[in-house]
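Visitor: I would like to walk through this model with you, one question at a time. Could we begin once it is on display?

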Amino acid sequence: LLEGNTPLIPLPYISQQIGRGVKVLVKFDGLNPTGSFKDRGMTMAISKAAENGDRAVICASTGNTSAAAAAYARRGKMRAFVIVPDGYVALGKLAQALLYGAEVIAIDGNFDDAFKIVKEMAEHYPVTLVNSVNPYRLEGQKTAAFEVVDVLGNVPDWLCIPVGNAGNISAYWMGFCQYHSLGKCDRLPKMMGFQAAGAAPFISGQPVPFPETLATAIRIGNPANWDKAWGVQEASLGEFNAVTDEEILAAYRLLASEEGIFCEPA
């Protein structure tokens, strides 16, 4: 679906507010076909499933993954099954999944409950799991790191990224490390992961049984890529930090009102 090659947009107002010559840019992956970075990984996961002769895929989702899985499964002539936590899903993304023809099942629980179900289904039935534990997902998502280096000519000093299931922070690090090994950049960035305060297992150091935040895409209490993400933080000398829902909303408003960039509340 021609995913990728999304722009890296300078943020002059925010850069000016920080001062000290700091330059802030955003990678606008909302311009991917279904509106998120998940398309990068899903094209790989679905392509490899098709190559393997699979006829159906399954995922747990709070929105973005469901849209991407449904779209690429449709393109690949496969069936898609999506398990979502009832009432805790980005409606715009759920609408996409339904229009693409996915079988959507809502459960009384959170994302972590849905993820347990799809893992069990993939183990016992002929259906391929396409959440970020699928290794091909991260192989696709790492291309965003390639693009950042291609535009900047090197890695940024810091890469700041939201963390839910922790697949994307792991994928970016993979991409930066591979480019570094090829001599495309001469250093590696500090990876700065941000979680919603009500769903912050990397801050508390343990799973959060009942995560709560308005940012539905990161309302995850038990990340599937737990070990990978801790490895990234340690290797990059980065950090995990928490932000409140109020701070998330303030950042949405700031980006829109001062930079002309809209972020969906996910």
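Visitor: Which residue in E6 stands opposite Val 57?
Guide: Please keep in mind that this is a predicted model. Strand E3 covers residues 56-60 and is joined to E6 by two bridges, the two strands running parallel. Opposite Val 57, the residue found in E6 is Thr 128.

Visitor: Which strands are the edge strands of the open sheet?
Guide: The open sheet has four strands with parallel pairing, in the order E5-E4-E3-E6. An edge strand pairs on one side only, and the strands that do so are E5 and E6 (128-129).

Visitor: Is Asp 108 buried or exposed?
Guide: Asp 108 lies in the loop that runs between strand E5 (103-107) and helix H5 (111-124). A residue counts as exposed when its relative accessible area is over 50%. The relative accessible area of Asp 108 is 84%, and therefore Asp 108 is exposed.

Visitor: Are H8 and H10 parallel, antiparallel, perpendicular or oblique to each other?
Guide: Two packed helices are described by the angle between their axes and by the distance between those axes. Helix H8 (residues 167-181) packs against helix H10 (residues 226-236) at an angle of about 45°, and their axes are 9 Å apart. Angles under 35 degrees count as roughly parallel, and 65 to 115 as roughly perpendicular. The angle between H8 and H10 therefore makes their arrangement oblique.

Visitor: What is the handedness of the crossing of H8 and H10, left-handed or right-handed?
Guide: The contact involves Ile 169, Ser 170 and Trp 173 of H8, together with Lys 228, Ala 229, Val 232, Ala 235 and Ser 236 of H10. These residues divide into five nonpolar, two polar and one charged. As for its handedness, the crossing of H8 and H10 is left-handed.

Key:
Residues numbered from 1 in each chain as written. Predicted model: local features only at pLDDT ≥ 70, side-chain atom pairs only at ≥ 80, totals over all residues. Heavy atoms only, no water. Axes fitted to C-alpha atoms, helices over the stretch in contact; angles between N-to-C directions. Parallel < 35°, antiparallel > 145°, perpendicular 65-115°, else oblique. Left-handed = near helix turned anticlockwise from the far one by under 90°. Contact = heavy atoms within 4.5 Å. Nonpolar A, V, L, I, M, F, W, Y, C, P; charged D, E, K, R; others polar. Buried < 20%, exposed > 50% of the residue type's maximum accessible area, 1.4 Å probe, protein only. Pairing = 2+ DSSP bridges.
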